[in-house]
Amino acid sequence: MKKNIILWLGAIIITFLSGYLRNVIGPDYPVSGTIGIEGKMVTFKFDKIYRGNNSYNVFIRSDVKAVKAFLLWKDTPANAVSGKPLKNQVTPIWQRDLMADSGYLIKGKIPKHNPGEKVAYRVELNYGGKQYFLPEDKPVIIMFQGHVNPGIMQIFYFVLFGGLIFAVRTGLETFNDKPRLGLYSIFTLIFFFLYTICVVPLKRTYELNALNHFVPPLNSLVTYQSISLFILWVIGLTLIFNFKGNKIIPLVISSLTLIIYIFIHY
């Protein structure tokens, strides 16, 4: 009993550490930072993905009084050559909008864009005759997506992390005296089946803003990650049942699961 508890705790810890690593090294991790202006701080966090049906709000926290901030943004060239009209007839040139200053919080907004369109943006600060840019090196690219119902996002993470925890638990089960590899493998496959066939397509439908608007193509409703996890565990379950007693196969399949989850994002 004690050993099972340790193995479950190990599976949960490994899964959430993998989730943290995936976010940190992933392409969608927000760009954040702090700069100093005359001994006072200006802090920012810029997203790289936005799920919503309204304008995207850009916030900056500033301890500097009377600083002028401008939001610089433009459509990426991909939007301009997509063959579709740009939202609100925006051309791919830099727009320079004065941001509202409410004291410690400075706010600007990027107009709503179609799902899948990308916008480059950064902030220009003017204070004491000097110019500062956030971020300093290059603009941030953000992708617009449709609003996803919070309930669907909760189901998405429950099914994904449920599958990952069972996948890791399957690998750790090899350290048990009487491993029940088949049982944990079946539960893992069930979770990834639901993830790939049901949950990801539903989430993608909302992200594409396709609900009640159009029928999206099938290839846009799945991801390389979800398909890879499902196929991996179909193969893994077959190998585990056909090679009973082999403890290397579950460890390899579990390790490959984490590798796919961490490094394949779409």
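A search of the whole structure finds eight salt bridges, a salt bridge being a side-chain nitrogen of Lys or Arg within 4 Å of a carboxyl oxygen of Asp or Glu. The model is a predicted one, in which local features need pLDDT of at least 70 and side-chain atom pairs count only at pLDDT 80 or more, while totals for chains, interfaces and linings use all residues. Residues are numbered from 1 along each chain as its sequence is written, and side-chain values use heavy atoms, with hydrogens and water left out.

**Stop one: colour by confidence**

The average pLDDT of the protein is 92, and 95% of the residues score at least 70; pLDDT is the predictor's confidence in each residue, from 0 to 100. Select residues 80-86 next, where the pLDDT is below 50 and where the model has nine contacts beyond near neighbours in sequence, a contact meaning heavy atoms within 4.5 Å.

Helices (H or I, at least four residues) and strands (E, at least two) are DSSP runs, numbered from the N terminus.

Lys-203 also forms a salt bridge with Glu-207, with closest N and O atoms 2.7 Å apart; because Lys-203 and Glu-207 are four residues apart in helix α4, about one helical turn separates them. Arg-204 meets Glu-207 at 2.8 Å, N to O, and the two are three residues apart in helix α4, so that about one helical turn separates them as well.

Which of these residues are buried, and which is partly exposed? Glu-207 is buried, with a relative accessible area of 2%, as are Lys-203 at 10% and Arg-204 at 17%, whereas Arg-51 is partly exposed at 32%. Here buried means under 20% relative accessible area, exposed over 50%, and partly exposed in between (1.4 Å probe, protein chains only).

**Stop three: the nonpolar cores**

A nonpolar core is a set of buried Ala, Val, Leu, Ile, Met, Phe, Trp, Tyr and Cys residues joined through side-chain atoms within 4.5 Å. The largest has 28 residues, and those with the most contacts inside it are Phe-156, Leu-160, Leu-164, Phe-192, Tyr-195, Trp-233 and Tyr-261. At least two residues of this core come from each of α3, α4, α5 (224-242) and α6 (248-263), and α3 gives the most, with nine residues.

Centre the view on Trp-233, whose contacts, leaving aside neighbours within four places in sequence, include Ala-167, Leu-189, Phe-192, Ile-240 and Ile-253. Apart from this core lies another, of 24 residues, among them Ile-37, Val-64, Leu-71 and Phe-144.

**Stop four: Thr-174**

Finish in the loop between α3 (150-172) and α4 (181-207), where Thr-174 is placed. Thr-174 counts as buried because its relative accessibility is 5%, and, not counting residues up to four places away in sequence, Thr-174 touches Leu-181, Lys-247, Pro-250 and Leu-251.
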